[in-house]
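Colleague: I've got the sequence and the model open side by side. Please walk me through it, with the cut-offs spelled out as we go.

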Amino acid sequence: MEPILKGRNLVKRYGKVTAIDHSDFDLMKGEILAVIGDNGAGKSSIIKALCGAITPDEGEVWLEGKRVRFASPIDAREAGIETVYQTLAMSPALSITDNMFMGREIRMPGLMGKYLRKLDRPKMEKFARDKLSELGLMTIQNINQPVESLSGGQRQGVAVARAAAFGSKVIILDEPTAALGVKESRKVLELIQDVRSRGVSIILISHNMPHVFEVADRIHVHRLGRKLCVINPKDHSMSDAVAYMTGAKLPEAA
Amino acid sequence: MEPILKGRNLVKRYGKVTAIDHSDFDLMKGEILAVIGDNGAGKSSIIKALCGAITPDEGEVWLEGKRVRFASPIDAREAGIETVYQTLAMSPALSITDNMFMGREIRMPGLMGKYLRKLDRPKMEKFARDKLSELGLMTIQNINQPVESLSGGQRQGVAVARAAAFGSKVIILDEPTAALGVKESRKVLELIQDVRSRGVSIILISHNMPHVFEVADRIHVHRLGRKLCVINPKDHSMSDAVAYMTGAKLPEAA
Amino acid sequence: MSNSDNYESVVTSASQDIAKFDDHRKGALGHFQHMLHMTPSLVPLIVLVASIIIFGIAIGSNFFSAYALTLILQQVQIVGVLAAAQSLVVLTAGIDLSVGAIAVFTSVLMGQFTFRYGIPAPISILLGVSIGTAIGAISGWLVSRVKLPPFIVTLGMWQIVLAANYLYSANETIRAQDIATNAPSLQFLGNTFKLGGATMTLGVVMMVVIVAALAYYLRATAWGRHVYAVGDDPEAAKLAGVNVHRTLMSVYMLVGLICGLAGWAMIGRYGSISPSATTGMMGNIQSITAVVIGGISLFGGRGSILGAFFGALIVGVFELGLRMAGADAQWTYLLIGILIIGAVSVDQWIRKVAM
Amino acid sequence: MSNSDNYESVVTSASQDIAKFDDHRKGALGHFQHMLHMTPSLVPLIVLVASIIIFGIAIGSNFFSAYALTLILQQVQIVGVLAAAQSLVVLTAGIDLSVGAIAVFTSVLMGQFTFRYGIPAPISILLGVSIGTAIGAISGWLVSRVKLPPFIVTLGMWQIVLAANYLYSANETIRAQDIATNAPSLQFLGNTFKLGGATMTLGVVMMVVIVAALAYYLRATAWGRHVYAVGDDPEAAKLAGVNVHRTLMSVYMLVGLICGLAGWAMIGRYGSISPSATTGMMGNIQSITAVVIGGISLFGGRGSILGAFFGALIVGVFELGLRMAGADAQWTYLLIGILIIGAVSVDQWIRKVAM
Amino acid sequence: QEPVKACLITKTDTNPFFVKMREGATEKAKELGVELSNFAGRIDGDNETQVAAIETCIANGAKGILITPSNSSAIVGPVQQARDAGLLVIALDTPLDPVDAADMTFATDNFLAGEMIGKWAKESLGDKAEDAKIAMLNIDISQPSVDVLRNQGFLTGFGIDVGDPNKWGDEEDPRIVGHDVTQGNEEGGRKALENLLAQEPFIDLVYTVNEPAAAGAYEALKSVGREGEVTIVSVDGGCPGVANVEAGIIGATAQQYPLLMASKGIEAIAAFANDGTKPEASDGKNFFDTGVKLVTDSPVEGLDSIPVTEGKDLCWG
Ligand SMILES: Nc1ncnc2c1ncn2[C@@H]1O[C@H](COP(=O)(O)OP(=O)(O)OP(=O)(O)O)[C@@H](O)[C@H]1O
Ligand SMILES: Nc1ncnc2c1ncn2[C@@H]1O[C@H](COP(=O)(O)OP(=O)(O)OP(=O)(O)O)[C@@H](O)[C@H]1O
Ligand SMILES: [Mg+2]
Ligand SMILES: [Mg+2]
């Protein structure tokens with residue numbers, strides 16, 4: 001089967017550091033692919049190369065069998081790839097609603113929207129509130145409060161809600177539950193499975209092994225800038241996975 | 001026994017939001033106290049009130065039985081309280097070494113240090129490298145690289161190393177392993193226990209229940225801006241703790 | 001699934017309440033604080049009203065005359081328009097030192113096109129405004145594509161435009177009488193009309209319209225949100241799907257266009273066209289002053305264009321008030337210096353109390 | 001311990017290697033790129049050397065004469081000193097619009113103290129520098145304690161100081177000859193000495209010493225690190241244990257002090273003391289230009305003071321070079337605008353290639 | 001009865017020339033019981049602030065305005081507005097364009113002032129005038145009218161074809177080494193002459209637009225050790241300037257009388273407020289000439305001049 005999103009021989013260097021070192025990447029249609037690896041292994045870098053946030057120095061990216069060259073995350077988004085970055089990519093001074101709809105705002109119907117390009121705030125606000133409620137982010141009192149006044153976890157919740165609401169083909173989540181509480185993490189995991197059941201493929205970067213083994217269909221183990229192996233969580237234990245990613249053990253056949 | 005760090009009736013409001021709502025806080029000498037709670041429960045806020053990063057609107061703080069009024073984190077640091085903030089409090093453009101020693105730089109011995117106030121870089125660099133190695137942050141290649149070029153996890157590792165290296169009485173860690181990998185998280189947990197064995201008291205905010213139950217002596221459950229209860233991990237299960245903090249169950253006697 | 005996750009299952013029965021806190025501030029004061037919090041441009045408005053009242057008391061009826069009050073509007077019209085343009089750039093975390101120079105240059109172009117080449121005045125005006133927009137486009141391109149700091153781009157542009165202005169005009173002033181006779185549409189924005197006893201000019205109307213339109217677009221359209229997002233954190237905005245390049249280009253071009261309109265307004269206000277108009281030298285500092293007094297952060301992403309408008313009016317009130325009170329020029333500058341710091345301190349203090 | 005953690009125990013046998021990558025850039029070029037990366041102030045230095053060479057080729061031996069080359073140093077000495085002061089403020093993410101005004105005011109104070117009140121010149125100099133420091137302290141206090149934006153504080157201060165300067169001096173110039181006869185120590189920094197055929201002034205030496213000392217303190221002392229940290233992220237710096245208030249105060253006071261020294265140097269360079277010196281109006285823009293060309297970020301925390309020094313020299317070379325090449329005053333002005341943008345573009349390009 | 005209100009609007013209030021003008025006006029106003037308000041532009045050429053000042057005077061109900069226009073033709077509209085409102089407007093020092101846009105002009109002839117020093121320079125250089133190297137130090141690249149008039153006057157007096165008399169810098173005579181701008185102060189004077197000396201080290205004659213620029217130019221000459229060999233000429237006649245003529249720093253300067261202009265102006269406004277009379281022009285001129293005199297201790301034949309001692313009695317700074 002042809003992967004929905006495919007990377008081949010990707011390379012990215014920052015000065016002397018090689019963040020991606022001739023690495024491959026495969027995401028199958030409708031699967032949840034977990035990516036695990038040590039800090040600094042290059043997980044964030046490789047997904048950024050896939051979604052247009054950085055331009056790889058070498059290598060190629062295919063989406064649904066077609067070679068793509070994303071010049072910016074906007075291109076990737078238009079192709080149906082939605083990403084939650086580790087840094088969240090929020091504008092701190094803007095409201096939750098503004099951030100959720102950044103770059104795809106809804107205009108008022110009728111003349112106001114057409115000629116004066118007025119935004120349909122009530123609609124956007126309702127949508128935003130619904131999405132946050134789905135995630136159980138109930139401590140957020142005001143959908144128009146600036147993102148900077150949210151707690152770290154709340155902020156992460158908003159970012160996840162944004163990606164889940166708009167991703168049509170691929171959703172990439174870079175440590176989406178890192179700052180989330182138990183309850184909120186659960187919600188995110190449920191949401192991920194929910195989104196998958198809509199046929200969307202998901203990349204999940206996480207350091208939380210129980211979560212990874214719970215939801216992932218396949219696990220991509222990243223080490224020192226390249227793909228070490230891909231394992232099936234049913235055939236391997238968490239200990240195996242951790243041993244591979246930390247270099248304590250070598251996988252049978254890479 | 002008198003707590004080493006004690007808060008009474010603390011209140012902090014941000015506009016309409018009450019982040020700390022008449023909450024108490026007790027940290028005993030030599031213990032590891034975990035603080036758990038939903039996102040936005042006010043965990044970060046209360047520890048900030050204890051370490052001088054924010055000034056509470058009401059309430060009192062005692063250190064070793066003496067009333068203290070920290071005007072800034074510097075005061076708290078001088079009193080022996082070291083904090084790893086959720087936001088990490090790093091200067092992105094400065095090097096790892098500079099960040100580790102920020103505000104307590106080491107001067108050269110002799111005249112150069114005394115009159116020209118020259119810093120003893122080799123000494124600082126060696127110290128920084130040692131501390132990072134203890135945490136197993138080996139993917140960091142250059143101790144003088146700016147913090148902004150580190151991965152999220154590496155950055156967090158540096159912040160933890162800083163606090164562990166300098167805290168003498170109390171170390172406060174606000175979600176120190178949130179962005180860390182399995183290996184690195186382990187190192188941090190080991191480090192925490194190590195530091196405790198030196199007689200330092202520790203506050204650990206975390207959403208990772210297994211970690212909390214592994215290392216904590218007592219668990220402070222925070223809910224809606226105030227202390228809900230303090231439980232002993234030996235007498236309660238993780239399910240209990242999660243039930244309390246999410247409001248699914250009420251503790252017997254608060 | 002490993003059994004370690006069981007403890008997480010209890011969350012299904014977690015409380016579903018939304019956190020609620022009492023509002024500890026009650027009554028009119030609390031309401032007022034909330035209003036300030038929601039509408040930061042109220043703060044410069046309060047300072048403005050306060051300063052009008054103080055000068056009114058100090059100077060007496062002369063100051064409250066319709067003539068004096070409309071005079072303030074007329075005197076700030078150029079700076080007000082430039083401040084509106086400046087606000088846009090500052091909201092994107094930039095700064096534009098060339099606004100005044102572009103305004104003067106476009107006014108010169110409009111005049112020379114008409115008088116040197118005999119192009120009909122309305123077309124000259126259009127050409128002038130277009131060239132203003134083109135200059136803005138060059139700056140925008142240098143900022144967005146070549147990634148040069150806006151300060152340096154517009155500093156260079158300032159010098160280039162100002163020098164081009166002198167070179168092209170050969171330092172010649174076009175006299176008001178000649179314009180009135182041969183190309184009255186150049187002076188169109190100087191036309192006056194009565195509004196309840198007070199005399200207004202069309203230039204003032206244009207200023208108000210520009211400010212109102214920008215305030216609307218910044219607040220209520222996607223473009224406006226993008227301007228704020230780009231100023232707040234361009235990297236985040238890019239990742240979140242904002243076309244940062246297009247946003248910056250639109251901002252700088254719009255700034256050039258508005259400066260062109262300011263150039264047209266200058267002809268209306270001063271009658272003549274002079275390449276050595278001080279606006280070319282001082283317009284940038286004056287507009288930045290208005291923007292900052294109006295509470296827009298020079299670090300981008302925060303503030304409202306109405307604030308900048310009030311900021312321009314505050315300076316106008318101070319200047320006219322002090323002049324009418326008979327202060328010497330140097331004392332006026334000194335007092336304005338103090339009052340700038342004072343106004344912003346008051347602003348800061350009100351914000352703090354309102355938090 | 002719950003059994004859910006067992007999988008974590010394997011990490012005890014994890015690999016202990018440090019990640020190593022091949023350096024894909026080899027040889028001289030790679031080495032050079034690494035150097036640029038480590039020492040960003042090399043970039044303006046390269047631009048400086050390149051522009052000297054280009055002008056040298058275009059103009060010929062006249063430009064390479066000892067006279068022309070030392071002339072550049074003498075012409076930039078005031079701006080160079082002000083740029084050193086400005087760098088400090090800009091590194092803390094501030095900006096100081098009052099540097100030029102303080103320099104002129106302190107020079108006037110030194111003169112008037114000596115000639116109006118008969119205070120011995122060395123004491124007048126000390127008083128002048130102290131008052132400069134005090135003005136800096138006021139600005140610093142307003143920025144750090146009252147939390148006003150540095151732009152607005154120093155904008156106000158600029159107007160206040162400049163107005164005070166005219167009011168206090170009653171616009172009187174003190175003649176060079178009178179100073180030479182009665183208070184030669186005011187002109188001390190104008191003294192010349194020979195250095196291998198070239199004539200240098202003590203003012204130039206002072207500039208070099210100030211830049212070198214600041215470069216050392218910024219790089220090698222705790223204070224310097226704190227300046228960078230405060231500019232980078234003041235909130236983080238505060239949490240990390242930097243006394244932000246003290247750092248800011250020290251910076252602004254030092255800036256005032258250096259401006260006072262610049263005032264003294266002005267007497268040396270211009271011989272006479274005039275309250276209407278152009279530096280009062282333009283010193284701020286000139287120094288900021290040097291700082292930005294030198295690669296210091298206006299957002300604080302990044303850049304080196306040596307860069308600002310080279311930035312000042314670049315502008316000096318352009319100005320003299322263009323005049324010597326025979327460009328007239330208006331064209332020089334225009335070309336400098338282009339060259340400012342060009343210099344920074346080249347700078348940007350070199351940085352990109354060097355990454 | 002309310003006192004008569006009058007306004008004085010100068011180009012700037014930082015140039016000693018205008019400071020003196022203000023002193024003269026203030027003294028006379030006190031004597032006559034006139035209430036005087038002073039205004040000034042921010043920088044040379046600042047038309048906008050002068051417009052605002054005229055508007056303020058109208059708002060304040062003044063009877064008359066004395067103005068040294070920053071831009072002679074651009075200010076005409078607002079001046080007309082003031083005259084329509086019944087104010088007497090007198091241009092000081094610089095005439096409006098057209099001259100009759102103001103009720104009267106009390107002025108020095110700046111072109112004449114330039115011409116005087118031009119002639120003097122030519123005569124005192126003698127034969128060397130034929131191939132003298134001349135440096136021209138002006139005010140600003142925006143070329144305000146005094147700047148142009150003095151410059152072109154000087155060149156005319158020296159016998160150089162000025163090309164377009166409305167701008168400087170378009171002359172083609174090889175004797176001119178170059179033009180530079182000084183902002184009319186010492187700082188600019190020194191830098192400007194340094195620049196020109198770098199182009200041509202053997203300059204013989206330096207024209208300066210005013211005496212502070214001349215003082216700066218002298219410093220530049222001193223730094224290359226040519227201070228005794230080069231002739232500097234200037235315009236203004238302020239006391240430090242005259243002292244510099246005495247010290248041999250400046251060869252000759254053309255002296256103006258700002259105090260006189262201003263006090264005459266105040267008298268005229270007082271008279272106008274009293275009985276509506278307007279001042280008269282000098283014989284044969286369309287303005288009231290307050291005169292200009294050449295000050296030098298080395299007089300040349302065929303050119304009227306006064307010695308420094310007399311210049312010092314009449315000086316104003
Ligand atoms: N902008 C940058 N400039 C320089 N080096 C960078 C940059 N971004 C990443 N790196 C380096 O590239 C390597 C890989 O970083 P990356 O962020 O991809 O790691 P990661 O696997 O996502 O780690 P984590 O789990 O901690 O998020 C690291 O060594 C990091 O220091
Ligand atoms: N500077 C601020 N301005 C306004 N509101 C704030 C600010 N800081 C915190 N809050 C609010 O206070 C409440 C408590 O925040 P806090 O950061 O203490 O939560 P937390 O328990 O640490 O959450 P998390 O686990 O997500 O870090 C939140 O509702 C947050 O929105
Ligand atoms: Mg990452
Ligand atoms: Mg928190």
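Colleague: Let's start with D98(B): is D98(B) buried or exposed?

Modeller: The relative accessibility of D98(B) comes to 5%. The scheme calls a residue buried under 20% relative accessible area, exposed over 50% and partly exposed in between (1.4 Å probe, protein chains only). So at 5%, D98(B) counts as buried.

Colleague: Before we go on, what kind of model is this?

Modeller: Residues are numbered from 1 along each chain as its sequence is written, while chains are lettered from A and ligands numbered from 1 in the order in which they are written. Side-chain values use heavy atoms, with hydrogens and water left out; local features need pLDDT of at least 70, side-chain atom pairs count only at pLDDT 80 or more, and totals for chains, interfaces and linings use all residues, this being a predicted model.

Colleague: Which residue of chain D pairs with D98(B) in a salt bridge?

Modeller: Side chains of opposite charge can pair when their charged atoms come close. A salt bridge here is a side-chain nitrogen of Lys or Arg within 4 Å of a carboxyl oxygen of Asp or Glu. For D98(B), the closest N and O atoms are 2.7 Å apart, and the partner is R225(D).

Colleague: And how far apart in sequence are D98(B) and R121(B)?

Modeller: D98(B) also forms a salt bridge with R121(B), with the closest N and O atoms 3.4 Å apart. D98(B) sits in helix 3 (residues 96–100) of chain B and R121(B) in helix 5 (residues 121–134) of chain B, so the pair ties together parts separated in sequence by 23 residues. Helices are DSSP runs of H or I, at least four residues long, and strands are runs of E, at least two, numbered from the N terminus. Back to your question, the gap is 23 residues.

Colleague: Let's zoom out to that interface. Which helix of chain D gives the most to the side that touches chain B?

Modeller: Contact means heavy atoms within 4.5 Å, and here it takes 35 residues from chain D and 35 residues from chain B. The rule finds 2 salt bridges across this interface. Helix 9 (202–220), helix 10 (222–232) and helix 11 (234–239) of chain D each supply at least two residues of the side that touches chain B. With 6 residues, the one giving the most is helix 10 of chain D.

Colleague: How much area do chain D and chain B bury between them?

Modeller: Buried area is the accessible area (1.4 Å probe) that two parts lose on being put together, summed over both. Carbon and sulfur atoms give 60% of it for this pair of chains. The total is about 3,000 Å².

Colleague: What about chain C against chain D: how many salt bridges cross there?

Modeller: In this interface, 46 residues of chain C are in contact with 43 residues of chain D. The two chains bury about 3,700 Å² between them, 81% of it on carbon and sulfur atoms. Salt bridges found by the rule number 0.

Colleague: Last one: which residue of chain C meets E55(E) in a salt bridge?

Modeller: Both side chains of this pair, E55(E) and R269(C), are buried. They meet at 2.8 Å, N to O. E55(E) lies in helix 2 (residues 47–60) of chain E and its partner in helix 12 (residues 244–270) of chain C, so the pair joins two chains. The residue you want is R269(C).
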